[in-house]
Amino acid sequence: MSTDVELKTGPAVAQPDGAAAGYRAGRTLTYGAEFARQWRRKRTQLALGFMVVLPIILLIAFELGGEDDDGRSGRGQFSQLSDAAISGGLNFAMFALFVSASFLLVVVVALFHGDTVASEASWGSLRYLLAVPVPRARLLGIKLAVALSYSALAILTLLGTALILGTARYGWHPLQSGIAAEIPAGEGTLRLLATAGFLGINMLVVAGLAFLLSVLTDAPLGAVGGAVLLYIVSSILDQIEALGELRNFLPTHFAQAYLGLLTTPMQFDDIIKGTISAVCYFAAFCALAFYRFSRKDVVS
Amino acid sequence: MGPGVPRRTVAVMRALAARVRAKINRRWIAGGVGVVLLAGLAAWAGWPEDPGYRTVDERVAVRTGPAGDQDVTLDTRLYLPDGASAGKKVPALLLAHGFGGTKESVALDAQDLAGLGYAVLTWTAQGFGASTGQIHLNSPDYEVRDAQQLLDRLAKRDDIQLDAAGDPRVGVLGGSYGGALSLLLAAQDKRVDAIVPMITWNDLGRSLFAQSAATTDDGVFKQAWAGVFFSSGMSGGRGRGGGLDLESLGAGGDANGDGDLGAEGDGGADGDGGANGQAPAGGAAGPGNLNPACGRWAADICQTYLRVAAAGRLDADSRQQLAARSPASVLTQIKAPTLLIQGLADSLFPLNEADANARGIAANGTPVRVAWFSGGHDGGDGPQSDSDRLKFLTAQWFDHYLKGNGEAPADSFTYSRITGLDAVDRGTMATGYQVTDYPGLAGQGTVQVPVSGGPRTVANPPNGTPAALSSLPGTGSGALSSFVNGVVSDLPGQHARFESAPLEQTVSVVGTPSVQIRAASPTGEAVLYVKLYDVDPNGSAALSMGLIAPLRLTGLPTSIDKAQPVQVTLPGIVRDFEAGHRLRITIATADQSYLGPSAPVDYTVAVGPADGGGLVTLPTVPGTPIATADALWLYVLLGLLALLAVGLVLVIFVARRRQRRVDHSVSAAHADTPLWVRGLRKTYGDFVAVDSIDFTVERGQVVGLLGPNGAGKTTSLRVLMGLTQATAGEVLIFGHRLAPGAPVLSRIGALVEGPGFLPHLSGEQNLAAYWRATGRPWEEARFDDALAIAGLGDAVKRKVKNYSHGMKQRLAVAQAMLGLPELLVLDEPTDGLDPPQIAEMRRVLQRYASDGRAVLVSSHLLAEVEQTCTHAVVVHKGRVVASGRVDEIVGDSPTTLLDVTDIDLASKTLDRLDGVTGYAVDGERTLVVDLGDVSRTDAVSALVRAGVGIDRVTPRRRLEDAFLALVGDSTAGSGDR
């Protein structure tokens with residue numbers, strides 16, 4: 001600490017609304033600033049890094065695995081997805097998505113969304129952002145946008161790595177799938193992208209839930225874990241056929257609808273219903289999050 | 001609580017309990033509301049809806065048999081829609097069950113139809129369940145006559161609509177066994193006004209003895225299916241009936257119809273001891289004591305079965321017997337408009353049965369409509385889209401022909417093609433198609449595809465074993481892999497393959513393909529099974545729905561050269577043969593579902609006429625896909641997105657308007673006052689954190705906010721930072737009213753409740769990240785000044801998570817000073833600092849305020865405040881107990897502590913010194929002196945001159961005195977009030 005510091009300022013001209021000279025509410029915590037804040041975090045780098053590593057692990061597993069022992073498990077015809085995984089880059093990428101969809105992506109998306117506000121609260125930096133002041137709705141909006149961006153980036157990273165690796169190893173071939181005929185490579189690419197897109201949309205449920213929990217709690221682990229937990233509970237309930245029509249309202253009911261994109265012609269019915277469901281949940285969770293945060297006493 | 005417990009402890013615990021209660025109360029209320037909402041939702045979803053009908057169970061006695069003299073009791077149930085009465089008569093429906101079922105197996109359909117406003121009469125056919133009698137296999141003298149008497153009963157009811165006396169307005173529907181009944185009843189009884197027969201037969205003989213070539217009537221015995229049926233009749237409906245019970249067709253509900261069947265069979269057998277009123281020949285009465293060979297089968301049918309099943313051939317008697325039970329012979333008499341529904345996955349009653357019915361009935365000029373769906377005896381209900389379509393078609397049919405509502409249904413033909421798996425609900429997905437007119441099985445056009453290969457020799461295994469497996473009769477519903485692409489395993493040596501070149505374009509086959517084959521046999525006879533495979537480029541072959549064409553050829557030459565080509569009609573299918581795929585015709589010698597010759601024999605087989613290659617003729621139909629609900633859902637989605645967008649805009653608009661309505665006026669009187677607080681109050685539920693606080697911070701002041709722990713200091717600062725909303729009171733910062741997020745907050749630098757940094761960044765990066773978040777110009781930050789104040793040296797490049805508490809604290813002060821804000825608010829700034837740093841901090845703060853800025857420091861360290869601050873505000877229990885200049889609070893005349901060698905001499909010396917206000921002896925060698933006007937220097941020199949030795953002179957900390965006087969020695973914070 002030094003006392004030689006010259007603490008003189010020039011004539012500070014405040015704005016009519018009382019703000020300091022250079023302050024504009026709309027310029028606080030920009031998307032870029034928040035993106036950079038998150039980018040430097042280990043967990044961001046690890047999560048994205050794993051999206052690169054997973055296809056490599058899969059590739060090694062397929063290379064070491066040798067001959068298939070014909071033991072098709074579960075899911076009937078769709079198990080052909082894994083059987084066909086080494087038939088080309090497109091199939092390899094599809095397989096990578098397929099294996100990550102039910103859990104890995106859920107965790108990653110929950111991490112990006114559940115951690116974002118809760119970790120700032122747990123570090124104590126949230127109150128300093130609010131004292132800047134960053135308007136609360138803006139803070140939440142930017143954080144949501146950045147978390148969504150990172151989630152999309154994670155899916156695209158996984159897809160891109162798997163596609164490049166798979167194509168390099170197994171070549172560029174038409175997409176094989178279940179009972180449908182082969183899909184030409186060009187159209188197959190579109191379907192792969194559509195699959196990734198729907199996965200992303202479906203992940204909005206997790207995103208919204210984790211984000212809401214992130215606002216409600218100061219424990220990042222609680223928010224991430226809570227979102228994953230609820231997602232799993234919903235998946236389990238979805239297995240109980242006795243629930244009948246009620247299952248249609250479970251956020252995970254349409255999680256596997258992307259498989260409809262692999263048939264010919266494509267089945268959009270469940271995709272659309274799934275999108276409606278995901279968008280509804282996302283909107284509801286986000287609305288709650290914004291409502292709560294804008295009225296919340298920040299005491300951490 | 002015992003008497004020894006201090007009163008304060010009691011108070012503390014009471015306060016704590018109250019706080020916990022308050023918290024719990026709020027949680028409970030919120031949780032309770034949630035639970036109630038959830039429970040309400042579940043109740044709403046699970047609440048038994050008003051079914052819209054009532055049921056009447058009745059045992060109905062009918063007289064049946066060729067002479068009408070045999071008594072049979074039928075177990076019936078009538079579903080009456082609400083409101084049906086003599087004043088409001090309703091049309092009726094007879095809903096017949098399938099083979100092996102009971103009235104219960106059609107309950108779901110009956111409920112649906114009753115909901116549409118029909119009185120639905122269901123009954124258990126004689127020989128099944130709780131009905132008495134025997135199974136006569138839809139004999140016109142028995143089962144059909146029973147149904148006629150049920151029509152009589154309907155006609156007698158006063159709530160059923162009548163066409164004429166004794167002639168109710170009635171439709172008949174049913175699947176399989178019940179479907180045939182509807183056809184036979186419509187032929188025998190003109191009172192029937194419309195029928196919907198589903199997955200049923202035209203000619204029972206041809207169904208059970210399949211023949212795909214036109215050469216002879218003699219077919220190949222479908223032993224697997226016949227056995228399944230016969231055994232389920234043996235037990236009077238008790239045995240295995242899986243896959244037969246397809247009444248839920250069109251109900252879209254219970255796909256797993258075989259489970260309840262067994263249970264009902266039991267009920268029937270146990271429930272009514274005299275159920276089997278007519279003792280079969282050679283059998284005893286009562287289901288518990290059935291003829292071991294025939295069970296509840298009528299003797300004549302039973303004997304026929306035993307005879308033909310053993311022989312594997314139909315004889316004249318049996319042919320006649322089955323013909324009497326087949327609609328084929330009576331189609332010309334059917335005048336009731338007929339909607340024929342047939343399954344594509346049906347190896348028992350294939351499409352040609354419905355086709356024959358359709359042509360026969362249409363020949364009378366009777367309206368006929370045909371629909372196919374991707375289910376049947378092998379495929380169950382099929383996909384949901386099909387169930388919905390069939391439901392719609394059925395309702396439309398009866399709506400017009402019974403109720404007279406709506407236009408006459410079009411003749412258009414609808415069918416579906418399996419397009420994949422339902423990713424969400426499992427099962428299959430199908431796309432519906434329609435064409436204007438029923439094209440029959442030959443299609444509207446044909447495509448001919450040559451298949452090649454020379455004559456091949458194939459072996460018939462002895463006793464037909466081992467044999468290929470094409471379908472699994474009786475396993476029924478929906479196990480996709482078992483029927484969409486078949487489960488066929490052709491055995492080596494038993495089959496010959498003839499393949500085409502890859503198709504140049506996709507062929508949409510709808511109907512029965514055909515192919516010519518030739519065969520030679522040393523015995524002059526041959527039983528062969530012809531299959532049409534779809535072979536994809538990878539070589540994997542699919543047999544559509546597992547359907548095969550069995551044929552029995554007679555009069556064959558022993559040499560293939562002399563064999564005449566035979567036209568084989570393959571099973572009807574709906575399938576797209578994709579471009580690049582090949583067709584494969586396989587001719588096999590044995591199949592587990594059929595009974596072939598038992599002697600081993602070698603056949604020679606070939607395709608096409610001798611002088612040319614084989615040609616597969618594929619019927620095609622240009623169907624138009626039926627629009628599904630997809631489009632509707634898409635509009636729902638688009639509408640939802642639009643709604644969300646509008647909602648978002650609306651919310652933003654309202655928020656802006658509310659923002660604008662907020663009082664933005666600037667109080668001119670306080671425009672130059674950094675901080676002006678009046679009546680600030682903050683409560684959490686019942687708990688009062690801050691009662692009422694007033695104070696002012698002017699430019700140039702360093703104000704200390706003093707108070708014991710829990711006095712409300714931090715809460716007040718939180719409000720000042722806009723982190724929490726004040727319950728009441730007014731805070732003006734430079735005249736601007738404070739609210740969370742108010743722009744004027746940008747003129748305050750703060751350190752509240754300890755540092756808050758991103759642990760993974762270095763100190764320098766943290767400050768940079770913070771300033772970037774403010775969005776203010778870089779040069780306003782005065783980074784170097786801030787870093788100099790932090791005085792972290794090179795440590796500023798290290799990650800914050802490695803910092804000591806004091807380092808973080810200094811960085812936090814530096815962060816608060818970034819941009820040199822006009823008001824600096826610091827909460828316990830010296831926390832964790834060592835004494836030299838505290839001294840530095842003191843100087844920094846004093847200098848900070850000297851340039852027209854102001855500092856508000858909260859602390860519980862009195863010395864620090866006394867030495868640092870110009871002003872102090874003492875807070876206790878959420879209230880300000882004193883405020884003003886520090887020296888005012890302390891008082892004018894500070895006391896001094898003197899440690900002296902001779903306390904008496906010192907006392908006398910002080911007595912003589914003018915201006916000393918007073919003194920007191922404190923211990924053996926210490927004097928507490930109020931020096932009054934006398935300076936400390938004068939007093940000390942006077943004492944020394946008098947010969948008093950002085951060890952120590954300490955100015956007494958009067959703020960502490962003042963503070964203790966104000967606050968009392970209570971250590972309880974405001975939270976413990």
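This is a predicted model: local features need pLDDT of at least 70, side-chain atom pairs count only at pLDDT 80 or more; totals for chains, interfaces and linings use all residues.
Let me turn now to chain A, where the unreviewed UniProt entry places the feature "transmembrane region" at several stretches, including residues 219-237 and 271-291. Over residues 219-237 of chain A, the chain is 95% helix and 0% strand, and the C-alpha atoms at the ends are 27 Å apart. Residues 271-291 of chain A are 100% helix and 0% strand, with end C-alpha atoms that lie 30 Å apart.

What span should we expect for helix 9 of chain A, residues 220-239? Because each residue counts for 1.5 Å, the 20 residues of this helix should span 28 Å, and the end C-alpha atoms, being 29 Å apart, agree with that. Among the buried residues of helix 9 of chain A are Pro220(A), Gly226(A), Tyr231(A) and Asp238(A), and what covers the buried residues of this helix includes helix 5 (104-123) and helix 8 (185-216) of chain A.

Finally, please look at chain B, where an open sheet of 4 strands has the order 40-41-39-42, with antiparallel pairing. The edge strands are strand 40 (918-921) and strand 42 (950-955) of chain B, each of which pairs on one side only, and neighbouring strands of this sheet are turned by 20° against each other on average, if direction is ignored. Strands of a sheet pair through backbone hydrogen bonds, either parallel or antiparallel. Within this sheet, strand 39 (residues 895-900) and strand 41 (residues 926-930) of chain B run antiparallel and are joined by 5 bridges, and Asp899(B) has Thr926(B), in strand 41 of chain B, as its bridge partner.

Two helices accompany these strands. Helix 21 (residues 903-912) of chain B lies across strand 39, strand 40 and strand 41, running at about 10° to strand 41 of chain B. Helix 22 (residues 936-945) of chain B packs on the sheet and touches strand 39 and strand 42, its direction making about 165° with that of strand 42 of chain B.

Conventions:
Residues are numbered from 1 along each chain as its sequence is written. Chains are lettered from A and ligands numbered from 1 in the order in which they are written. Side-chain values use heavy atoms; hydrogens and water are left out. Two strands pair if DSSP finds at least two bridges between them. Axes are lines fitted to C-alpha atoms, for helices over the stretch in contact, and angles run from 0 to 180 degrees between N-to-C directions. Contact means heavy atoms within 4.5 Å. UniProt positions are given in the numbering used here, feature names are shortened, and annotations may be inferred rather than shown by experiment. The expected span of a helix is 1.5 Å times one less than its number of residues. Buried means under 20% relative accessible area, exposed over 50%, partly exposed in between (1.4 Å probe, protein chains only).
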